Amino acid sequence: MKYLSEYRDGTIGRALADRINHTATRRWTLMELCGGQTHTIVRQGIDALLEGAVEMIHGPGCPVCVTPLEQIDRAVHLASRPDVIFASFGDMLRVPGSDCDLLRVKARGGNIRIVYSPLDAVTLATRNPDKQVVFFAVGFETTAPANAMAVWRAAQLGVSNFSMLVSHVTVPPAMLAILDAPDNRVQGFLAAGHVCTVMGWDEYEPIAAKYKVPIVVTGFEPLDLLEGIWLAVRQLESGQAFVENQYVRSVRREGNVAAQALVSKIFRLSDRKWRGIGEIPASGLALREEYADFDAERRFALDDITTNEPVECRSGDVLRGRIKPYECPMFGTACTPERPMGAPMVSSEGACAAYFNYGRARPAAAGASTPRGEAQ
Amino acid sequence: MCLGIPGKIIDIRADRGLPMGTIDFGGVRREACLAYVADEVTMGDYVIVHVGFAISKVDEAEAKRTFEVLRDMSQLEELEWVAEAIPPASPVPGGAP
Amino acid sequence: MSATISGNISCAVPIATHDRVVLGHGSGGKLSAALLKEHFLPHLHSHALRMLGDGAIVSAGRTQVVLSTDTFVVNPLEFPGGDIGVLAINGTVNDIAMMGATPAYLTAGFIIEEGLPMEVLDRIVASMARAATVAGVQVVAGDTKVVEHGKGDGLFINTTGLGLANSEFRPLPTSARAGDAVLVSGSIGVHGITILSAREGLDFQVDLASDTACLYPLVEVLRRATDDHVATLRDPTRGGVASTLNEIASASNVGIEIDEASLPVPTGVAGACEMLGLDPLYVANEGIFVAFVPEHLADKAVEAMRGHPLGREARRIGKVIDDHRGLVVMRTGLGGTRVVDMLPGDQLPRIC
């Protein structure tokens with residue numbers, strides 16, 4: 001596939017990895033803030049290739065993983081209503097709520113449909129006028145323009161039986177929360193290439209300057225990640241800290257202005273809870289008052305849902321990069337993809353699932369456990 | 001976040017005011033909304049598509065350059081790496097040198 | 001079988017057991033295996049069943065026969081390249097062929113949803129008749145039931161097959177050995193992507209047609225080329241090549257290593273998988289098999305298969321090793337390795 005396959009070239013990748021290993025004079029700690037990047041890194045074994053030069057900490061970059069428990073519980077409640085068709089991206093279906101997940105609701109007869117695009121949910125609403133269609137609008141800034149357009153379109157076409165359960169999060173506050181933590185070890189970031197395609201990178205410049213951390217806007221294919229890591233290491237080796245763009249084929253400094261404009265029109269900044277981490281102020285998006293009609297939380301009575309909030313959850317430590325998935329005592333034993341305890345084990349982008357599925361058949365790092373052969 | 005893949009625009013039309021296109025992803029065709037790239041794309045252009053929306057036009061010149069830089073880098077001798085490892089005097093906005 | 005969870009772990013409440021069957025139990029992955037192990041085998045425990053092969057080898061008097069059964073559920077009922085009827089014939093014929101037997105007779109049971117148009121039924125049954133002729137089998141017994149509207153997804157078909165066992169040629173899931181070559185007979189992921197594209201909801205078009213086919217003639221080609229020395233044969237249907245290789249690794253207690261660059265993934269499958277975030281290794285197939293043969297016969301086997309229309313894309317994809325028994329690992333483009341595990345349930349399209 002053009003503009004995709006060439007960035008998977010193994011020979012170039014191995015040469016890049018060699019270069020990084022030779023350039024680093026010490027082991028640097030970097031964080032990638034995107035589930036898609038985590039997926040590629042673990043699947044391709046990029047972290048293992050760079051073991052001596054770089055420690056990759058996997059950040060909370062999976063919107064599926066950080067969707068707060070309350071929103072999952074609300075989704076489950078809505079999907080269970082006989083008058084509702086609940087539309088969602090596929091990877092949300094297995095995320096555990098307080099006592100149920102959407103797949104189980106489907107088993108009990110809930111009308112749940114997987115959609116690829118939010119516009120498909122609007123179409124579902126026009127085709128099913130006697131039902132309420134609720135769309136589970138999750139994602140980072142990359143998905144916000146699509147979700148915004150769904151609302152705009154529904155308003156334009158007068159589709160009154162459509163609403164969204166919103167659970168949007170934004171990256172920079174999460175980055176700041178990580179940098180402000182007293183035990184922070186992250187020395188540089190790979191910023192998410194598609195988030196920046198929409199938002200540009202100017203939000204990251206003050207962060208790089210204040211905390212003196214290189215931030216490299218990076219793509220998703222193996223060569224993109226290797227080049228991004230190389231650029232970050234190069235900055236660190238020379239004591240520099242600025243924002244650099246590796247993903248030049250898609251990202252411009254100003255981002256996608258039209259997309260930003262519609263997102264601002266439909267959504268406003270709001271405080272948001274991140275599952276496993278807690279509330280981060282101004283880290284989310286909510287529908288503006290003018291579009292409150294399309295807010296499922298306004299349209300339906302969702303207040304008396306009790307959420308079993310965990311007191312302390314290791315998911316948060318994994319999401320913040322404090323521990324590696326295999327350092328969690330539940331990893332591979334009580335917590336596996338088929339019996340997940342927390343969200344990072346469910347989503348295919350989640351660090352725990354990535355580690356489990358792509359596993360450690362290579363020589364185990366200290367403390368690593370093998371995914372097979374555990375108590376079943 | 002964010003499964004976005006490059007595809008080629010093979011058809012453009014308007015659906016009740018919304019610019020839509022048919023995108024070819026290496027043999028698979030699907031509709032995508034072009035509203036966010038409408039001013040800059042035309043038939044045959046490549047776009048990055050995420051959940052049925054084109055979020056950027058692929059800068060083909062930059063794409064080619066990235067690949068060639070990487071490929072050339074991979075062919076350099078070790079001494080040349082050392083020279084390359086010294087970064088430029090001031091940050092170059094927008095890209096790797 | 002649930003692990004003990006100590007009281008002071010208070011992560012999201014673990015959902016350790018299923019009190020109802022979920023769709024994932026039918027996906028061919030870990031949940032399917034668990035369903036079998038926890039809810040069926042404890043009650044139905046014949047020796048033949050416990051082998052968990054594609055079919056059972058049993059004796060009827062002095063003749064050894066292979067029996068196999070499969071039930072077909074597909075939405076939509078008709079799709080490019082075939083329909084549920086063709087799948088029902090080929091699927092069971094193939095299961096018998098995978099045991100090294102010669103398919104001979106089938107039975108067919110139909111559960112029809114009230115309201116199914118007669119012309120759809122006619123097309124499907126005619127299609128089954130053609131497939132049976134091509135496969136050289138006769139449908140000798142059948143049954144039909146009609147269920148109320150809303151209870152049946154249009155049509156479900158069960159076929160049970162009987163084949164004549166071959167005492168000289170008996171590939172088994174337990175027979176793979178270190179040193180064997182792992183071969184695949186054709187391109188992967190075609191059927192599953194065809195079905196996804198034909199289904200409402202994801203709305204994409206791809207120039208693919210289901211690869212459903214009767215594999216018996218190709219198995220014969222392989223058998224002759226290797227002089228009956230095929231350790232294991234299996235057709236990777238639901239759950240894909242990954243699930244099948246895991247089942248064999250487990251059954252034979254060996255490790256399997258495959259090479260990513262060698263996998264034959266056609267363009268349309270690759271594009272659809274990229275778009276939806278799916279891995280072709282887990283996508284269903286209906287017209288290919290994986291074969292484990294001794295290393296010194298591998299090249300000859302591949303060449304022989306390529307001479308047959310169904311085997312044009314046959315190739316080596318890996319080998320059986322002594323290491324990490326029960327695990328399947330893949331060598332990636334970058335030279336690293338990663339585990340190819342079984343999925344818990346169905347692959348879900350992702351946005352991340």
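Select Asp228(C), in the loop between helix 6 and strand 10 (232–234) of chain C; helices (H or I, at least four residues) and strands (E, at least two) are DSSP runs, numbered from the N terminus. Phi of Asp228(C) is near 75°, a positive value in a residue other than glycine. Asp228(C) has 13 other C-beta atoms within 10 Å and is partly exposed (buried means 20 or more such atoms, exposed 12 or fewer, partly exposed in between, with C-beta atoms placed from the backbone).

This is a predicted model, in which local features need pLDDT of at least 70 and side-chain atom pairs pLDDT 80 or more, while totals for chains, interfaces and linings use all residues. Residues are numbered from 1 along each chain as its sequence is written, and chains are lettered from A and ligands numbered from 1 in the order in which they are written.

Next, show helix 6 (residues 216–225) and helix 9 (residues 295–306) of chain C, which pack at about 145° with axes 9 Å apart (axes are lines fitted to C-alpha atoms over the stretch in contact; angles run from 0 to 180 degrees between N-to-C directions). Contact residues (C-beta atoms, placed from the backbone, within 7 Å) include Leu218(C) and Val221(C) of helix 6 and Ala301(C) and Met305(C) of helix 9.

Still in chain C, go to Pro76(C), in the loop between strand 2 (63–72) and strand 3 (78–79). The peptide bond from Asn75(C) to Pro76(C) is cis, with omega near 10°.

Finally, select Arg16(B), in the loop between strand 1 (4–15) and strand 2 (18–25) of chain B. Its phi is near 50°, again positive in a residue other than glycine.

How values were computed:
Two residues are in contact if their C-beta atoms, placed from the backbone, lie within 7 Å.
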